Structure formats: C-alpha cells, structure tokens
Amino acid sequence: MNTLKRRLAPYFLVLPGGLWLVLFFAVPMIAMLSLSLQQGDIVTGYTLTWHFQTYLDAIGDYHVQLVRSVIYGLISTIIMIVLAFPIAYWIAFRGGKNKNTYLFLLLLPFFVSFVLRTISWGMILTDNGPLLEPLKKIGLLPDSYHLLGTSTAVIGGLVYNYLPFMVLPIYVAVERIDPRVVEAARDLYANPALAFRKVILPLSLPGVFAGALMTFVPTSTDYVNSSILGSSSTTMIGQVIQAQYLTNSDYPTASALSFILMAVMLVGIFIYARVLGTEDVMEVAAR
C-alpha cells in the first residue's frame with residue numbers, strides 16, 4: 001500500500017497544475033482551432049466546414065501587421081537586453097544590502113494599471129507635452145516634429161512596460177555568479193570587456209534566454225501600446241485580432257490569426273534557441 005502511495009504521489013502533485021492547463025489552455029485552444037475552421041456569422045451561427053481558406057485569407061489580408069509586430073517585438077527585446085543587463089549587473093554586484101529595495105523600485109510601476117501607465121506616456125509624448133514642448137521652445141526640435149503616433153513611441157512604450165520582465169531573469173542569473181570568478185579573470189590579465197565576454201555573459205545566458213522569451217512574446221502580441229501610442233501606420237496584429245473579435249465579430253478570422261501568430265512565435269523561439277544553443281544554456285544553468 002505504501003509503495004502504491006509513493007508511486008502515485010508525483011501524479012497527485014502534478015494533478016492541480018495539469019487540470020489547470022487542460023481547463024484554461026487545452027480546452028480554449030481546441031475550441032479556438034475549431035472556430036477558425038468554421039463558417040457563418042454571429043446571427044445564424046457557425047458551422048464546422050474545415051474551411052482552411054480562412055488562414056490563407058488572414059495571411060493575405062494582414063501579413064503587413066504580422067511582420068510589423070514581429071519586427072517591433074525583436075527591436076524592443078534587443079533594446080531591453082541592452083538596458084536590462086547593466087541594471088541587473090549593478091544591482092547584483094553593487095546593490096549590497098539595498099538589493100531588495102532596488103528591485104522593489106523596479107517593480108513599483110506595476111502597482112499602477114498597465115493601461116494607465118501607457119496613457120500617461122501618451123500625455124508625455126504629445127506635441128505640447130512636458131518632453132517635446134521645452135525642446136521646441138529652445139530650438140532643439142522643429143515645431144513640426146512629433147513623436148506620438150510613430151513607431152518610436154510604440155517601441156518605447158513596449159520597452160518601458162516590459163523592461164522589468166527582462167531585468168529580473170538576468171538579475172537572478174548574474175546574482176548567482178561568484179564574484180571570485182570575475183576577480184580570477186582579472187588576475188589573469190583580462191580587461192573588463194574580455195572578462196564580461198568570456199565569464200559574465202556565458203554565465204548569465206540562462207537569464208538572457210528566459211528574459212527574451214518573457215518579453216518577445218508579449219511585445220509582439222501587444223495591442224495596448226500600439227493603440228494608445230501609435231497610429232494607423234503602426235497597427236500591430238494584436239489590434240487586428242481584437243477588432244475582429246470585439247468589433248467585427250469575425251471569430252473564424254480572429255481565431256485563425258491567433259493560431260498564425262502563435263505559430264510564428266514558436267518558429268521564432270525555436271530559431272532563437274538554436275542560435276543561442278539551448279543545451280549550452282542549460283549546462284551553464286546547471287552549474
């Protein structure tokens with residue numbers, strides 16, 4: 001009896017999480033897949049007809065927004081890596097007893113609604129806002145210059161809203177690095193740049209890998225920043241899916257776009273993992 005309990009114990013531990021995934025991931029995904037292959041309308045109802053043409057039509061109609069979303073996601077992720085690494089490194093090695101305070105300050109904006117924070121940035125970036133108006137008055141910017149409604153504003157909003165998701169995984173990885181290893185590299189006449197490239201960066205790759213996954217996916221699928229900070233020329237695929245679901249009630253097209261976006265994300269993640277070397281990352285993380 002005791003042997004049977006020991007064998008079943010791991011399955012009982014996994015059961016709550018497994019049920020959660022089935023109910024709130026697998027079932028909705030199956031329903032959405034079925035809906036993407038149906039035809040009809042919201043009045044007469046939808047019928048499963050295995051209409052794969054919906055996928056081809058969705059790609060043909062919205063490939064520009066899809067490519068734009070991936071590009072915005074890539075650019076914002078790269079910018080976040082560049083910004084997050086110095087922050088994480090400084091907190092890990094220079095934060096001292098105040099590490100938790102600095103991490104709390106990093107997460108403090110999350111106590112305010114995501115939408116409210118984005119709207120606040122929209123107010124800051126307006127032509128007569130506190131950022132551009134002083135620069136225009138002193139002649140550093142022409143009066144016709146505007147930032148709101150551009151791709152720069154959208155990418156800036158994405159970086160601002162998702163930066164902590166990049167900092168925290170990198171911080172966890174960097175914080176595990178033994179400072180004596182860095183000191184040993186310097187004792188062997190490695191300059192700071194070489195020590196970073198040969199010691200710190202390889203040991204922090206698990207954090208970079210995790211941070212990139214946690215930021216690339218939500219930034220590529222985001223629709224709040226592009227709606228508030230962008231314009232019709234910066235429309236992302238998330239906006240299209242939202243409009244198809246909530247405005248046009250075209251559920252098959254919205255479902256098809258969701259699956260296409262998911263497929264693109266999976267392919268991008270696979271390529272990123274192959275380029276970075278997932279096995280090497282896991283080996284580093286296990287040390």
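Leaving aside neighbours within four places in sequence, Ser258 is in contact (heavy atoms within 4.5 Å) with Met32, Ile241 and Tyr245. The model is predicted, so local features need pLDDT of at least 70 and side-chain atom pairs count only at pLDDT 80 or more, while totals for chains, interfaces and linings use all residues. Residues are numbered from 1 along each chain as its sequence is written, and side-chain values use heavy atoms, with hydrogens and water left out.

- Ser258 lies in helix α11 (residues 251–276), and its relative accessibility of 17% makes it buried (under 20% relative accessible area; exposed is over 50%, partly exposed in between; 1.4 Å probe, protein chains only).
- Thr126 sits in the loop between α4 (114–124) and α5 (132–137) and is partly exposed because its relative accessibility is 29%.
- Beyond its neighbours within four places in sequence, Thr126 is in contact with Leu132 and Leu148.

**Helix α8**

**Packing of α2 on α8**

- Helix α2 (residues 53–94) packs with α8 at an angle of about 140 degrees, their axes being 9 Å apart.
- Residues of α2 including Gly73 and Phe85 meet residues of α8 including Ser204 and Phe216.

Technical notes:
Helices (H or I, at least four residues) and strands (E, at least two) are DSSP runs, numbered from the N terminus. Axes are lines fitted to C-alpha atoms, for helices over the stretch in contact, and angles run from 0 to 180 degrees between N-to-C directions.
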